[in-house]
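Good morning, and thank you for coming.

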Amino acid sequence: MSDAVNLKAKLASFDALWTPKIVAAFNDHDIMVAKVQGTFNWHAHPDTDDFFLVLSGQVTIQLRDRDVVLNEGELFV
């Protein structure tokens with residue numbers, strides 16, 4: 001069993017944008033946190049899904065058919 005992960009402390013440990021950091025893992029899946037700002041180029045993962053959880057601020061995920069706006073405390077898979 002692993003220890004609890006403090007997401008605020010993990011995020012405070014780096015400043016770089018768009019550089020995900022692994023904070024935990026389960027069933028061969030990595031859980032990563034990242035700081036984001038501005039636009040990121042659209043891309044796809046054909047063999048896996050992405051999980052987005054907004055801890056602070058707002059993010060818009062542009063899908064092929066719609067935009068998904070996430071506010072603090074909201075998530076999207």
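Does Asn27 count as buried or exposed? Asn27 counts as exposed, at 64% relative accessibility. By definition, buried means under 20% relative accessible area, exposed means over 50%, and partly exposed lies in between, using a 1.4 Å probe and protein chains only.

Before going further, I must state that this is a predicted model, in which local features need pLDDT of at least 70 and side-chain atom pairs count only at pLDDT 80 or more, while totals for chains, interfaces and linings use all residues. Residues are numbered from 1 along each chain as its sequence is written, and side-chain values use heavy atoms, with hydrogens and water left out.

Let us turn to the overall plan. The chain has one helix and six strands, in the order α-β-β-β-β-β-β along the sequence. Helices (H or I, at least four residues) and strands (E, at least two) are DSSP runs, numbered from the N terminus. The C-alpha atoms fill a box of roughly 40 × 30 × 20 Å, taken along the principal axes. Of the 77 residues of the chain, 10% count as buried.

Strand 1 (residues 21-26) and strand 2 (residues 29-33) run antiparallel and are joined by five bridges; two strands pair if DSSP finds at least two bridges between them. Phe26 stands opposite His29 in strand 2. Together, strand 1 and strand 2 form a hairpin with two residues between them.

What is the phi of Asn27 near? The phi of Asn27 is near 45°, a positive value in a residue other than glycine. Most residues other than glycine have a negative phi. Asp28 lies in the loop between strand 1 and strand 2, and its phi is also positive, near 65°. Asp28 counts as exposed, at 84% relative accessibility.

Next, the aromatic side chains. How many aromatic pairs does the structure hold? The structure holds one. Trp18 and Phe40 form this pair, which is stacked, with 4.6 Å centre to centre and 15° between the planes. Trp18 lies in the loop between helix 1 (7-12) and strand 1, and Phe40 in the loop between strand 2 and strand 3 (52-53), so the pair ties together parts that are 22 residues apart in sequence. The definition is as follows: rings of Phe, Tyr and Trp (its six-membered ring) pair if their centres lie within 6.5 Å, and planes under 30 degrees apart count as stacked, over 60 as edge-to-face and the rest as tilted. Trp18 is partly exposed, with a relative accessible area of 32%, and Phe40 is partly exposed at 45% relative accessibility.

Another ring, that of Phe14, has charged ends over it. The charged end of Lys21 sits over this ring, 5.5 Å from its centre, and the charged end of Lys35 sits over the ring of Phe14 at 5.3 Å from the centre. A charge sits over a ring if NZ of Lys or CZ of Arg is within 6 Å of the ring centre and within 35 degrees of the ring normal.

Gln37 is found in the loop between strand 2 and strand 3 and counts as exposed, at 57% relative accessibility. Leaving aside neighbours within four places in sequence, Gln37 is in contact (heavy atoms within 4.5 Å) with Leu17 and Trp18.

Which state describes Val54, buried or exposed? Val54 counts as buried, at 8% relative accessibility. Val54 is found in the loop between strand 3 and strand 4 (58-62). Apart from neighbours within four places in sequence, the residues in contact with Val54 include Val59, Leu70 and Glu72. Val54 and Glu72 are 18 residues apart in sequence, and their C-alpha atoms are 5.0 Å apart in space.

Finally, the chain as a whole once more. Residues 24 or more positions apart account for 13% of the contacts in the chain with a separation of 6 or more. Thank you for your attention.
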